[in-house]
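Dear colleague,

Please find below the structure that I am handing over to you. A summary of the findings follows it.

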Amino acid sequence: MSSMGTFMEISPPLYRLFISAPDNWTMRCDLHVHSIASGMFTVPGLNRICRESYNQPAEVYDRLKRLDMSIVTITDHDSIEGAEELRRYPDFFLSEEVTVKMPSGTEMHMGVYGITERDHFEIQRRRNDFITLLMYLTERKLFFSANHVFSGLTGRRTEEDFHWFESYVPAFETRNGQMWPKANESAARLAARLGKIAIAGSDSHTLASVGHTYTEVPGARTVEEFFTGLRTGRGRIHGAHGSCVKLTADVFNIVRSLFLDKPWTLALSPFALLVPAFTAGHWLNEIHFCRKWAAAMERGEKRKRMLWDLDSNFEANWAS
């Protein structure tokens, strides 16, 4: 037996610590985080005065690092403005959550990761044409995902939308820190059945939940290796699901930030008493949406085509 083999046999823990350290290295990243650059609240009546998030990018970064995230990104809605002050950090990479118009006329949220400023410009130019956007993302070999697959946050959904996700979107967000646990479980089952890459993120619009839901890749040491690991099936998802109580607390935190940002809105404070009713109604709608579409997808047939079915070299080239 070689001396290396003897060392491994006598002291496996020491071997793992000193000899195979790169194999034991694990990178963690919260792949769905929002900052003040995510824009205004979409609820009518609040869309002129209240932001979706009041998280300052530097505070998001600091909190993520305190929670042991190895690399950091921010996925604001159709914006990369929040990334400006974080560019100096070597462990930060640029991403965004894109509001995409589907061929059916509905909308979906797509996470696109590891982009450049030029990519952001081109993505925004194409986001109202899903097919054109898909061609660009494929050509650039960018990693992208369908976020909160079984959520009604972006409005109505059609069966055709799910066929597009099935055929051409490589990754599904299977754990979202703001979603009903069964919605996440349904997304995970669908991803497993279709052979999709699973990712996770907090989807936090307040600092309280940042970093509590995340994706990790063993053996990765750089952002590039992290995404290569995801593409080759080595990713793992961890962390918290959402709840109505958690959502209500986050909305109250946003309202509090609104009052601090615009003191004149304190005159509207009595309406804050309606927050629990608002979040409860939203939560019930999410449950209904999930049950409807999860049941429909579980009755459906296994996928008929994938993008790489059209070109046998695509998957290997895309992962390279």
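**The largest pocket**

Lining the largest pocket are 36 residues, and those nearest its centre are T42, E52, L153, H205 and H282. On a 1 Å grid over the protein atoms alone, a pocket is an open set of points where a 1.4 Å probe fits, with protein on both sides within 12 Å along at least five of seven lines, and lining residues have an atom within 4 Å of a point. Two or more lining residues come from each of β2 (95-101), β3, α10 and α11. The element that gives the most is α11, with six residues. The space in this pocket is about 810 Å³, a volume being the space filled by probe spheres set on the points, which are joined across faces, edges and corners. Helices (H or I, at least four residues) and strands (E, at least two) are DSSP runs, numbered from the N terminus.

Please note that this is a predicted model, in which local features need pLDDT of at least 70 and side-chain atom pairs count only at pLDDT 80 or more, while totals for chains, interfaces and linings use all residues. Residues are numbered from 1 along each chain as its sequence is written, and side-chain values use heavy atoms, with hydrogens and water left out.

**An enclosed helix and a buried strand residue**

Helix α7 (residues 159-168) is largely enclosed by the rest of the structure, because seven of its 10 residues are buried (under 20% relative accessible area; exposed is over 50% and partly exposed in between, with a 1.4 Å probe and protein chains only). These buried residues are D161, F162, W164, F165, E166, S167 and Y168. Their cover includes β3 (107-113), α6 (130-139), β4 (143-146), β5 (171-176), α8 (181-194) and α11; contact means heavy atoms within 4.5 Å.

G111 is placed in strand β3 and is buried, at 0% relative accessibility. Leaving out residues up to four places away in sequence, G111 touches E96, E97, F143, F144, S145 and N147. Between G111 and S145 the C-alpha to C-alpha distance is 5.1 Å, although 34 residues separate them in sequence.

**Salt bridges**

How many salt bridges does the count come to? The count comes to 14, where a salt bridge is a side-chain nitrogen of Lys or Arg within 4 Å of a carboxyl oxygen of Asp or Glu.

One of them joins D91 and K65, at 2.8 Å from N to O. This pair links distant parts of the chain, 26 residues apart: D91 is in the loop between α4 (57-66) and β2, and K65 is in helix α4. D91 is buried, at 16% relative accessibility, whereas K65 is partly exposed, at 29%.

Another salt bridge pairs R157 with D161, their closest N and O atoms being 3.3 Å apart; both residues are buried. Salt bridges with shared partners also join R118, E122, R125 and R126 into one network. Of these, R126 is in helix α5 (residues 117-126) and is buried, with a relative accessible area of 18%.

**A nonpolar surface patch**

On the surface, W264, L268, F271 and L274 form a nonpolar patch with about 460 Å² of accessible area together. L268 belongs to the loop between α10 (244-261) and α11 (275-299) and is partly exposed, at 37% relative accessible area. Patches are made of residues with over 30% relative accessible area and no salt bridge, like charges being joined within 9 Å and nonpolar side chains (Val, Leu, Ile, Met, Phe, Trp, Tyr) within 5 Å. Accessible areas come from the Shrake-Rupley method with a 1.4 Å probe, and for residues only the protein chains shown count as cover.

With kind regards
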